[in-house]
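Let's take a walk through this protein together, one spot at a time. Keep the sequence and the 3D view side by side as you read.

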Amino acid sequence: MTLRTIKDIDISGKKVFIRCDFNVPQDEFGNITDDRRIRSALATINYCVDHNCAVILASHNGRPKGEPDPKYTLAPIAKRLQTLLKRDVILASDVIGGDAAKKAKGLKDGEILLLENLRFEAGETKNDDGFAKKLADMAEIYINDAFGVSHRAHASVEAITKFFAEDSKAAGFLLNKEINFFDRTLQHPTRPFIAVIGGSKVSGKLQALENLLQKVDKIIVGGGMAFTFLKALGEQVGDSLVEDDLIPDALRILDEAKKRNVKFYLPVDVVCAQTIDANAVTIYTTTKEIPHGWKGLDIGPATTRLFREALDGAQTILWNGPMGVFEIDKFAKGSFKISHRIAESHATKIVGGGDTADVVQRADDSDEMTFISTGGGASLELLEGKILPGVKALEIKDTP
Ligand code: AMP
């Protein structure tokens, strides 16, 4: 898939609308605790400013219910942007109301305007054409740089693209980089290609597993989702997280892996506790002997070793999902060790998913990874083989 990028169109001196993903985590005082998503948008914004554009930025933040809610204002984001860009950022007090319209109209070359939270308008999540048109009318060029929401058919992501001609809409640097990495990796991986998949449930990653099975040489499964596979194989998983209704799917996936000669690795031992609690008593046990009343909450030392060996010689590693309940230190060791192993590998290493990016950051391995995706849901949909609605309109169709 090839996207039309901001470099492929003429933006000089024009008014540009950039859909960004400034949906950042904030603490109870409203402080931004991780500004990676804001930093990731700087390249596109600076490129536009350097091309004498008047720049209108738009994003959502949190989940306001289609009306203004001061808790979700973009004011702290405007402030952080201003610090990072070392330029003034004008904040509109609404999205398509009088203030935004006036400020957008009067915006001069080189100036930057940030609209208020897009989800203060109900039309955003409804993919409403009327709302999208009002956003589109503010600018001559549309740029999507919001990978994290490009799997959503929302007005500022999908409907808005209808109001711009082919040569007036494109992907920003971040969106293009994200799509390219996943697309290139999935279509033309250097082999051996190994997927490491974890997280809570099989149901959330079933489609991704099915799609990956057709592309990879090995699949390593950890986290809560491993227990549905282990139970399907007749192991004694105690009170671990199991989705009984998915046991037939788990068996089908294992069978398909065998047919395709994809090596499928599951944990052989786990760290167990009776409750998911920082003070819980823990025991190590094999996955054949988890006692009744105990849950597997992290991979054990033998599994870490097994997975480390399975990763030997990998040329491409794709990691999505933690190996255990990493939010609690006691159950984070397995995820950290796998993170270190992947980090030290000479393979191309791609990390997808918000939780996994968090693990890698906490393990201090971020700099060692080839690419860390900024979008959890969007990267998962790419792994599922889907074309994202926000990306489809920006694709350059191959000429026959
Ligand atoms: P996901 O959103 O599906 O990627 O899952 C991430 C979540 O899975 C994290 O919040 C982990 O705490 C959770 N998780 C990982 N391993 C387990 C486990 N063995 N049992 C329960 N939850 C788990």
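Start with the side chains of Asp 21 and Arg 37, which are joined by a polar contact of 3.4 Å. A polar contact here is a pair of N or O atoms within 3.5 Å; within protein, one of them must be able to donate a hydrogen and the other to accept it, and residues adjacent in sequence count only if both atoms are side-chain atoms. Before we go on, keep in mind that this is a predicted model, where local features need pLDDT of at least 70 and side-chain atom pairs count only at pLDDT 80 or more, while totals for chains, interfaces and linings use all residues. Residues are numbered from 1 along each chain as its sequence is written, and side-chain values use heavy atoms, with hydrogens and water left out.

So where does Asp 21 sit? Look in the loop between β1 (15–19) and α1 (36–50). Those labels come from DSSP runs, numbered from the N terminus: helices are H or I with at least four residues, and strands are E with at least two. Is Asp 21 buried or exposed? With a relative accessible area of 7%, Asp 21 is buried. The cut-offs are these: buried means under 20% relative accessible area, exposed means over 50%, and partly exposed is in between (1.4 Å probe, protein chains only). Leaving aside residues up to four places away in sequence, Asp 21 touches Arg 37, Ser 59, His 60, Ala 146, Gly 148 and Val 149, where a contact means heavy atoms within 4.5 Å.

The side chain of Asp 21 also reaches the backbone nitrogen of Asn 23, at 3.1 Å. Asn 23 has its place in the loop between β1 and α1, and at 24% relative accessibility it counts as partly exposed. What does the side chain of Asn 23 reach? That would be the backbone nitrogen of Gly 62, at 2.8 Å. Gly 62 is also among the residues that Asn 23 touches, along with Arg 37, Ser 59, His 60 and Asn 61, again not counting residues up to four places away in sequence. Lys 79 is 56 residues from Asn 23 along the chain, and their C-alpha atoms are separated by 14 Å.

Now hop over to a sheet. Three strands form an open sheet in the order β11-β10-β12, with antiparallel pairing. Why does one side of β11 and of β12 lack a neighbour in the sheet? These two, β11 (282–286) and β12 (295–299), stand at the edges with a single partner strand each, so one side of each is left without a neighbour. From one strand to the next, the twist averages 40°. Two strands count as paired if DSSP finds at least two bridges between them. Helix α9 (residues 301–310) lies across β10, β11 and β12, running at about 45° to β12. For such angles, axes are lines fitted to C-alpha atoms, for helices over the stretch in contact, and the angles run from 0 to 180 degrees between N-to-C directions.

Gly 296 turns up again at the ligand. Which residues are closest to the ligand? Of the 13 residues that surround it, the closest are Ser 200, Lys 205, Gly 296, Glu 327 and Asp 355; a residue is near a molecule if one of its heavy atoms lies within 4 Å of it. A polar side-chain atom of Lys 205 lies 2.9 Å from an oxygen atom of the ligand, and for Glu 327 a polar side-chain atom is 2.4 Å from a ligand oxygen. A polar backbone atom of Gly 224 is 3.1 Å from a nitrogen atom of the ligand.

Most residues other than glycine have a negative phi, and most peptide bonds are trans. Yet a cis peptide bond, with omega of about 0°, joins Arg 191 and Pro 192. Asn 127 has a positive phi of about 55° and is buried, with a relative accessible area of 18%. Asn 261 has a positive phi of about 60° but is exposed, at 54%.
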